[in-house]
Amino acid sequence: MSQQQHPNDVSIDDIPVDVANTQSEEVDPAEVPEEIESITRGLAGEHPPTNPLVVLKAARWWYIHGKGGSDPAFRWAIEWARHLATDTPSDVERFDDFLEYLVTVGFADETHDLR
């Protein structure tokens, strides 16, 4: 390993995982890494990412720092990755939950601002 990692700041790629802040249920938008915010906003936009590995990177971050497997951003990212991999329709209700969650987290004031 070329970098020294501290027990409370671990990463397996460029995006750090704050161990002390895992599955806290409260996500501060200021603490979302720029790359994850960009991917997340893309997932809410008109032209979402088409690379499942990029989508899964965001899913992983939301799983770790959000509400785990019940986190709406995680669930939508997994749903979108499934859609990309299988070319089957995605679940519109999950998308709506995802947009509402992003408003709750503070990414936008209204869901239509994300589109």
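Guide: Start at D71. It is buried but has no salt bridge. The nearest side chain of opposite charge belongs to K67, 6.0 Å away. Buried means under 20% relative accessible area, exposed means over 50%, and partly exposed lies in between, with a 1.4 Å probe and protein chains only. A salt bridge needs a side-chain nitrogen of Lys or Arg within 4 Å of a carboxyl oxygen of Asp or Glu. For charge, Lys and Arg count as positive, Asp and Glu as negative, and His and the chain ends are not counted.

A word on the source. This is a predicted model, in which local features need pLDDT of at least 70 and side-chain atom pairs count only at pLDDT 80 or more, while totals for chains, interfaces and linings use all residues. Numbering runs from 1 along each chain as its sequence is written, and side-chain values use heavy atoms, with hydrogens and water left out.

Back to D71. It sits in the loop between α2 and α3. Set aside its neighbours within four places in sequence, and D71 is in contact with W62, G66 and Y101. Contact here means heavy atoms within 4.5 Å.

The chain has four helices and two strands. These are DSSP runs, numbered from the N terminus: helices are H or I with at least four residues, strands are E with at least two. The order along the sequence is β-β-α-α-α-α. Of the 115 residues in the chain, 37% are buried. Take contacts between residues at least 6 apart in sequence: 53% of them join residues at least 24 apart.

D71 goes without a salt bridge, yet the structure holds five. Look at α2 first. The side chain of K57 meets that of E35, 3.1 Å from N to O. E35 counts as partly exposed because its relative accessibility is 35%.

Move on to α3. E79 forms a salt bridge with R94, with 3.5 Å between the closest N and O atoms. Here too distant parts are linked: E79 lies in helix α3 (residues 72-86), R94 in helix α4, 15 residues apart. E79 has 7% relative accessibility, so it counts as buried. R94 is partly exposed, because its relative accessible area is 27%.

E46 and R115 meet through their side chains in a salt bridge of 3.3 Å, N to O. E46 is in the loop between α1 and α2 and R115 is in the segment after α4, so the pair ties together parts 69 residues apart in sequence. With 52% relative accessible area, E46 is exposed. R115, at 42%, is partly exposed. H47 is also found in the loop between α1 and α2. It is exposed, at 74%. H47 and R115 are 68 residues apart in sequence and 9.3 Å apart in space, C-alpha to C-alpha.

Then the loop between α3 and α4. D87 lies there. Its phi is positive, about 55°, although D87 is not a glycine. D87 counts as exposed because its relative accessibility is 66%.

The chain exposes about 7000 Å², and carbon and sulfur atoms supply 49% of that. Areas come from the Shrake-Rupley method with a 1.4 Å probe; for residues, only the protein chains shown count as cover. Patches are built from residues with over 30% relative accessible area and no salt bridge, joining like charges within 9 Å and nonpolar side chains (Val, Leu, Ile, Met, Phe, Trp, Tyr) within 5 Å. A charge is placed at NZ of Lys, CZ of Arg, CG of Asp or CD of Glu.

One patch is nonpolar: L53, L56 and I78 make it, and it covers about 270 Å². L53 belongs to helix α2. Its relative accessibility is 65%, so L53 counts as exposed. Another patch is negative, formed by D91, E93, D96, D97 and E100. D97 lies in helix α4 (residues 92-105). D97 counts as partly exposed, because its relative accessibility is 43%.
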